[in-house]
Amino acid sequence: MEDTSGSGTAMPAGHVNKGKTALREIKEFLRELLDIHDDTDRETTLETVKRDISFKGHNAWILIFSIFVASIGLNVSSTAVVIGAMLISPLMGPIVGIGFSVAINDIDTLKRSLVNLGVMVFLSVLTAYLYFLISPIKEETPELVARTYPTILDVLIAIFGGSALIIAKTKKGAIASVIMGVAIATALMPPLCTVGYGLAIANWEYAGGALYLFTINSIFIALSTFLMAKLLRFPLVKYVNSKRRRNTARLASLVAILVMIPSIILFVNLLREQVFVSKTKEFVHEVVNYPGAEVVKFEQDYKTKIIEIYLIGRPVPQEQIEQWVQAITQVPNLEDVVLEIHQGSDQSSELASRLSTEVRAGILEDLYVKNQQLVENKDARIQLLEQELVKYRSTGIPFESVSREAKINYSEIQEMSYANSLVTNFSKIDTIPTFNVKWSSKLNAAARRSQRDKLEKWLQVRLSLDTLVVRTVN
């Protein structure tokens with residue numbers, strides 16, 4: 001008998017099996033696509049990492065000369081030169097060695113990596129300091145300023161760049177292009193050059209900020225190396241003395257924790273600061289609007305949570321300013337900020353004087369550029385009008401007097417006429433004064449050509465025309 005008590009319909013067993021098979025095939029495909037364990041050369045990687053840690057002889061001189069190249073590139077704000085210097089720099093080796101040695105509990109390699117990194121940093125800063133000390137060019141350039149403080153993007157680049165680097169090194173047959181690309185992306189050398197620049201000009205803020213940027217990049221590259229080495233299950237270094245092995249493992253774990261915890265805190269702080277800056281720009285561009293007034297400058301300080309906005313033009317009523325102050329407290333991540341509005345008519349504060357100097361100087365510069373463009377346009381119009389005026393004057397030449405003078409100077413002329421000819425090359429049209437002259441039949445062809453050329457030159461001088469044509473008619 002058929003069972004009619006249930007309202008549902010059971011799925012055929014074949015459909016279930018097909019679904020499981022498809023899911024299993026997708027998992028297998030993703031495993032083959034993303035798995036890097038099988039193609040990892042652990043022994044060669046360990047040898048390569050330890051070899052790159054070494055810093056003496058050739059590596060020392062390569063570092064010195066690459067620092068000089070990078071300093072010159074930063075000094076003249078040449079991105080291409082800075083990139084070239086990063087390609088030849090050997091700075092990455094000790095940093096990778098630190099992360100790798102912590103991951104495999106190799107205390108000897110860790111010590112050697114730290115010593116070599118310290119020597120590299122000292123030599124790099126000293127070289128850059130000496131260059132900028134003797135360099136006649138000490139102006140700030142965009143390339144230098146960009147290396148004075150880390151952002152969340154620098155942290156992300158260091159994390160992903162360090163991960164790509166260790167994966168490229170562990171692959172059987174290391175991928176050189178990836179290693180060179182990471183050297184460019186993580187940009188370890190320019191911050192050290194900027195430290196030397198800051199010391200040379202006694203700008204401790206520049207030097208400290210650039211050293212901070214280098215430290216951040218180094219920490220996160222080492223941290224990424226540590227995590228990838230753990231993920232790839234590199235074997236731990238074995239010690240004959242079990243007590244030393246335990247102490248080494250504890251020390252490595254302690255170092256990893258001491259690096260990871262501040263790194264996470266730093267990452268979160270930089271992320272919050274970046275969000276603060278982004279939200280501030282968005283608020284100023286979208287909310288701070290008033291007919292007849294214009295925002296010419298705004299500054300934000302993440303530490304003090306103060307946002308200063310400078311306005312010129314029509315004075316903004318206090319009611320509107322209070323609405324902006326109230327509105328910014330409703331913006332996520334900007335709830336506790338202090339919004340200060342400074343207008344061009346406000347002369348009651350020191351900040352207002354800054355508005356009247358720094359900001360207005362920028363406005364005057366913009367006005368100068370615009371006026372310069374207007375002057376150039378007017379000059380072009382004047383030149384065009386002068387050309388048209390010459391053409392107009394040429395149409396009203398004193399033909400009667402000119403023809404009498406021509407007859408006196410050139411007695412062989414029997415008949416003379418004048419008209420303006422319109423000539424075009426299909427891109428523009430020109431008006432050319434044209435004289436048609438009939439000569440005496442006594443003159444041969446050569447004499448007629450000679451007389452025509454002389455007449456043409458005389459007419460150009462007589463009429464003050466650069467271009468005209470004299471034609472011989474029969």
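Q: Which side chain does aspartate 453 meet in a salt bridge?
A: Arginine 452. The N to O distance is 3.4 Å. Keep in mind that this is a predicted model.

Q: Are aspartate 453 and arginine 452 buried or partly exposed?
A: Aspartate 453 is partly exposed, because its relative accessibility is 37%. Arginine 452 is at 26%, so it counts as partly exposed too.

Q: How many salt bridges does the count come to?
A: The count is 3.

Q: OK, what does arginine 462 pair with?
A: Glutamate 405. Their closest N and O atoms are 2.9 Å apart.

Q: What about arginine 404, which partner does it have?
A: Glutamate 400, in a salt bridge with 3.1 Å from N to O. Both residues lie in helix α15, which covers residues 399–409. They are 4 residues apart, about one turn of the helix.

Q: Is glutamate 400 buried or exposed?
A: Exposed, because its relative accessibility is 58%. The cut-off for exposed is over 50%. Arginine 404 has 48%, so it counts as partly exposed.

Q: In which sense do β5 and β6 pair?
A: Parallel, over 5 bridges. Strand β5 covers residues 429–439. Within that pairing, threonine 434 stands opposite valine 469 of β6.

Q: What leads from α16 into β6? I'm looking at serine 464.
A: A loop, and serine 464 is in it. The helix α16 covers 445–463 and the strand β6 covers 469–473. Serine 464 has a positive phi of about 55°, although it is not a glycine. Its relative accessibility is 65%, so serine 464 is exposed.

Q: Where is asparagine 333, the other one I flagged?
A: In the loop between α13 and β3. Asparagine 333 is partly exposed, because its relative accessibility is 43%.

Q: So what sheet is β3 in?
A: An open sheet of 3 strands, ordered β1-β2-β3, with mixed pairing. Its edge strands are β1 (293–301) and β3 (338–343), each pairing on one side only. The twist averages 20° from one strand to the next.

Q: Which helix packs on that one?
A: Helix α13, residues 318–328. It touches β2 and β3. The direction of α13 makes about 155° with that of β3.

Q: And how many bridges join β2 and β3?
A: They pair over 6 bridges, in the parallel sense. Strand β2 covers residues 306–313. Isoleucine 306 has valine 338 in β3 as its bridge partner.

Q: Switching to the surface. Which residues form a nonpolar patch?
A: Phe122, Leu126, Leu130, Leu133 and Ile134. Together they have about 520 Å² of accessible area.

Q: Where does leucine 133 sit?
A: In helix α6, residues 107–134. Leucine 133 is at 41% relative accessibility, so it counts as partly exposed.

Q: Last bit, the overall numbers. How many helices and strands?
A: The protein has 16 helices and 6 strands. Of its 474 residues, 35% count as buried. The accessible surface is about 28,500 Å², and 59% of that belongs to carbon and sulfur atoms.

Q: And what share of the contacts is between residues 24 or more positions apart?
A: 70%, counting contacts with a separation of 6 or more.

Technical notes: Residues are numbered from 1 along each chain as its sequence is written. This is a predicted model: local features need pLDDT of at least 70, side-chain atom pairs count only at pLDDT 80 or more; totals for chains, interfaces and linings use all residues. Side-chain values use heavy atoms; hydrogens and water are left out. Helices (H or I, at least four residues) and strands (E, at least two) are DSSP runs, numbered from the N terminus. Buried means under 20% relative accessible area, exposed over 50%, partly exposed in between (1.4 Å probe, protein chains only). Contact means heavy atoms within 4.5 Å. Accessible areas come from the Shrake-Rupley method with a 1.4 Å probe; for residues, only the protein chains shown count as cover. Patches are made of residues with over 30% relative accessible area and no salt bridge: like charges are joined within 9 Å, nonpolar side chains (Val, Leu, Ile, Met, Phe, Trp, Tyr) within 5 Å. A salt bridge is a side-chain nitrogen of Lys or Arg within 4 Å of a carboxyl oxygen of Asp or Glu. Two strands pair if DSSP finds at least two bridges between them. Axes are lines fitted to C-alpha atoms, for helices over the stretch in contact, and angles run from 0 to 180 degrees between N-to-C directions.
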